[in-house]
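Keep the viewer open while you read.

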Amino acid sequence: MGEGLLTGPFPRVGGELRCGSHRIADLAERFGTPLYVYDMDRVRERVDRFQRAFAGVDHLVAYSVKANGNLTLLRRLGALGCGADITSRGELFRALRAGIDPGRILFAGVGKSELEIREALDAGIYAFNVESAGELERIDAVATSLGVRAPFALRVNPDILSPTPHEYTATGHAESKFGVPLTEALRLYRWASGRRHLEVRGIDVHIGSQIIDPEPYFRALSGILDIVADLGREGIGLEFLDIGGGFGISYDAGPEMDVETLAREVVPTVRKAGLRLVLEPGRSVVGDAGILVTRVHYVKRGGKTFVIVDGGMSELIRPSHYGGFHAIERVDDRAPRPTEVVDVVGPICETGDFLARDRALELPETGELLAVRAVGAYGFAMASNYNGRLRPAECLIEGERISLVRRRETLEDLIRGEDLPETAS
Ligand code: LLP
């Protein structure tokens, strides 16, 4: 664990799990289950840690909205000075509605539509992170039609394989759909620098997600700085360098990305290049600041022991989609129970609907609460209505304050948009 984070979030006091000073059991009683609980004080600590580590260079923490786009959370992050890394008009809408300064918003993604480009230009975002020649041409055309200049960075693909826990979260190698090859970047920058409605503003890289080792970032940085130097020789100056996100957290008591080690090399390098640094952390800001509280429906014994809970892959898809590990514990473990190896599964009609498989757990009783840890990122954000499930409530804790920041969905929410009058053909 890095400096400055001495205690983990969600401590256990006298056998009862808490968020700050609040008992998780009380929150579950009040808001029902399944329930996401976020510790805003932890989020602040995380942001603060980035701000301090990178204080030696002009920098922007553009929080990656895809990790958790809850409006109240975004509002708080905006107030802490964060910008936003967005990937759709939906995320642009969220970020703006939350009051995040458009001048601190970067728009990433390989498939931006004309509408999305127009809306982002209207909003006055800081930059598009452009992923292909075709996209650059489209941005140029839309900006021309609006009579404005579109600021952009090219997202380059440095062709490095960074160790991520799942192939789906590696993005920096040549076979991924992301970014433009280093060899093509210079040509595109040259072309863009002659276009009246394009403004070359930066350069961007994002090598993957849940990366623990800083070394691949150093390699990506050095590849990028070569391009920056080439551009400089041609009189094309940049304002910022975006090293993306992907900084790994600890899911299983193992190490996490040491942000300070990362900063020790990145800060002087970027400062020397005369550039502003942009970071796009998502998981490392909110990941361990969230738990999913779920209640045991049944304990079923067959070929295996199944602990069947009221939250499953519709609330948290990481275990089944990425083989992601999330620690699971009893919310109240004052009365000890025998440990057994079990599968913790949800109510969805899929064998892939599990939160943990072959996990040694103190066997809970029917009606007991379990907490699934480190689900603040890509938890609710990837939740679905599959099997007619209502997406869960989310609550946010800040010191003494408890806020419901998203109410549990209702049956009417489930059919919203479908209850149209039938038209005769
Ligand atoms: N910037 C870009 C361009 C990204 O594509 C991503 C994540 C981030 C920043 C933030 O990455 P983070 O700091 O959160 O690792 N659903 C997967 C993770 C997908 C990441 C997609 N891109 C998971 O649950 O592991």
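## A buried proline

Pro364 is buried, with a relative accessible area of 1%. In this predicted model, Pro364 sits in the loop that runs between strand S18 (354-362) and strand S19 (369-372). So what surrounds this residue, given that buried means under 20% relative accessible area?

Setting aside its neighbours within four places in sequence, Pro364 is in contact with Val296, Val299, Val307, Arg330, Arg337 and Leu370.

Which residue pairs with Glu340 in a salt bridge? The partner is Arg301, with 3.0 Å from N to O. Glu340 belongs to strand S17 (residues 339-345) and Arg301 to strand S14 (residues 290-301), so this pair links distant parts of the chain, 39 residues apart. Glu340 counts as partly exposed at 23% relative accessibility, whereas Arg301 is exposed, with a relative accessible area of 53%.

A further salt bridge joins Lys304 to Asp343, and here the closest N and O atoms are 3.1 Å apart. Because Lys304 lies in the loop between S14 and strand S15 (305-309) while Asp343 lies in strand S17, the pair ties together parts that are 39 residues apart in sequence. Lys304 is partly exposed, its relative accessible area being 31%. Asp343, on the other hand, is buried, at 5%.

## A link back to strand S1

Now turn to Glu329, which forms a salt bridge with Arg12; the closest N and O atoms of this pair are 2.9 Å apart. How many residues separate the parts that this pair ties together? The answer is 317 in sequence, because Glu329 lies in strand S16 (residues 328-330) and Arg12 in strand S1 (residues 12-13). Arg12 itself is partly exposed, with a relative accessible area of 30%.

## Charges across the chain

Counting charged side chains, you will find 52 positive and 62 negative ones in the chain. The centres of these two sets lie 2 Å apart.

## The overall fold

How many helices and strands does the chain have? There are 12 helices and 21 strands. The radius of gyration is 23 Å, close to the 22 Å that the globule rule gives for 425 residues, and the chain is therefore as compact as a globular protein of that length. If you are setting up a box, the C-alpha atoms fill one of roughly 70 × 65 × 45 Å, taken along the principal axes.

Contacts and surface complete the picture. Among contacts in the chain with a separation of 6 or more, 71% are between residues 24 or more positions apart. Of the 425 residues, 55% count as buried, and Pro364, at 1% relative accessible area, is one that is buried. The accessible surface of the chain comes to about 18,100 Å², and 50% of that belongs to carbon and sulfur atoms.

Conventions. Residues numbered from 1 in each chain as written. Predicted model: local features only at pLDDT ≥ 70, side-chain atom pairs only at ≥ 80, totals over all residues. Heavy atoms only, no water. Helix = DSSP H or I, 4+ residues; strand = E, 2+ residues; numbered from the N terminus. Rg over C-alpha atoms; globule rule 2.2 N^0.38 Å. Buried < 20%, exposed > 50% of the residue type's maximum accessible area, 1.4 Å probe, protein only. Contact = heavy atoms within 4.5 Å. Areas by Shrake-Rupley, 256 points an atom, 1.4 Å probe, with all protein chains shown as cover. Lys, Arg positive; Asp, Glu negative; His and termini not counted. Charge placed at Lys NZ, Arg CZ, Asp CG, Glu CD. Salt bridge = Lys/Arg side-chain N within 4 Å of Asp/Glu carboxyl O.
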